[in-house]
Amino acid sequence: MPDSTSALYGFAGGALAAAGIVSTLVALAIYVLQIIGWWKIFTKAGEAGWKSLIPLYNLYILYKISWESKYFWYLLLTVVASGVVGAIGGVIGALLSGICSIATLVLYIMLNYKLSRSFGHGGGYTVGLIFIPWLFVLILGFGSSEYRGNAA
């Protein structure tokens, strides 16, 4: 007969496994809903929905839809530069990497603002896109918002 400690460990392990499975399924469901939402957003903006499925290319198209495609290249440059200067190490590398990371964050926030404006929304919607993107992407894709053109 097993002692109470091993039974407790068995129960805890099973509970953790169940929680892991449930959280994985929830994350997968949210991911699939995100894909569907982005597909609808691209379609509303006059782009083919399949373009939302290709990594980096979807970001390029998103910049084209909402702002200007040249800012995609700036974003890519800041991300690569952050990695390169971060690999240098030391205080200077860390400082430059931090500056590049801040520039990346600013470009990300501006992209969300421009996307909001492209569909007729304002700053509040931008905050939603930044902090609860899975919900606001679905609302943008399936809601009554219409694409008004590039907000640049």
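This is a predicted model: local features need pLDDT of at least 70, side-chain atom pairs count only at pLDDT 80 or more; totals for chains, interfaces and linings use all residues.
Which residues make the nonpolar surface patch of about 790 Å²?

1. The nonpolar patch. The residues that make this surface patch are Ile21, Leu25, Leu28, Tyr31, Val32, Leu33, Ile36 and Phe142. Helix α1 contributes the largest share, namely seven residues. Phenylalanine 142, also part of the patch, belongs to helix α6, which covers residues 133-142.

2. Although glycine 141 and tryptophan 38 are 103 residues apart along the chain, their C-alpha atoms are separated by 6.7 Å. When neighbours within four places in sequence are set aside, the contacts of glycine 141 are Gly37, Lys40, Ile41 and Lys44.

3. Salt bridges in the whole structure. How many salt bridges does a search of the whole structure find? The search returns three. Two of the pairs involve glutamate 47, with lysine 51 and with lysine 64 as partners. The remaining pair is lysine 70 with glutamate 68.

4. The pair of lysine 51 and glutamate 47. In this salt bridge the closest N and O atoms are 2.8 Å apart. The two side chains also make a polar contact, again at 2.8 Å. Both partners are buried: lysine 51 has a relative accessible area of 16%, and glutamate 47 has one of 13%.

5. The pair of lysine 64 and glutamate 47. Here the closest N and O atoms are 3.2 Å apart. Lysine 64 is partly exposed, with a relative accessible area of 39%, whereas glutamate 47 is buried.

6. Lysine 70 is partly exposed at a relative accessible area of 38%, and glutamate 68 is partly exposed at 33%. Through shared partners, salt bridges join Glu47, Lys51 and Lys64 into one network.

7. The surroundings of glutamate 47. This residue is situated in the loop between α1 and α2. Not counting residues up to four places away in sequence, glutamate 47 touches Phe42, Ile61, Lys64 and Ile65. Among these, Lys64 is also a salt-bridge partner of glutamate 47.

8. Leucine 56. The loop between α1 and α2 also holds leucine 56. Its phi is positive, about 70 degrees, although the residue is not a glycine. Most residues other than glycine have a negative phi.

9. The length of helix α3. Following α3 is glycine 89, with a positive phi near 85 degrees.

10. The buried side of helix α3. Which residues of α3 are buried? They are Tyr71, Phe72, Leu75, Thr78, Ser82 and Val85. The cover over these buried residues includes α2 and α4 (90-118).

11. Valine 85. This residue of helix α3 is buried, with a relative accessible area of 15%. The C-alpha atoms of valine 85 and serine 97 are separated by 5.6 Å, and the two residues are twelve residues apart along the chain. Apart from neighbours within four places in sequence, valine 85 is in contact with Gly93, Leu96 and Ser97.

Notes:
Residues are numbered from 1 along each chain as its sequence is written. Side-chain values use heavy atoms; hydrogens and water are left out. A salt bridge is a side-chain nitrogen of Lys or Arg within 4 Å of a carboxyl oxygen of Asp or Glu. Buried means under 20% relative accessible area, exposed over 50%, partly exposed in between (1.4 Å probe, protein chains only). Patches are made of residues with over 30% relative accessible area and no salt bridge: like charges are joined within 9 Å, nonpolar side chains (Val, Leu, Ile, Met, Phe, Trp, Tyr) within 5 Å. Accessible areas come from the Shrake-Rupley method with a 1.4 Å probe; for residues, only the protein chains shown count as cover. Helices (H or I, at least four residues) and strands (E, at least two) are DSSP runs, numbered from the N terminus. Contact means heavy atoms within 4.5 Å. A polar contact is a pair of N or O atoms within 3.5 Å; within protein, one must be able to donate a hydrogen and the other to accept it, and residues adjacent in sequence count only if both atoms are side-chain atoms.
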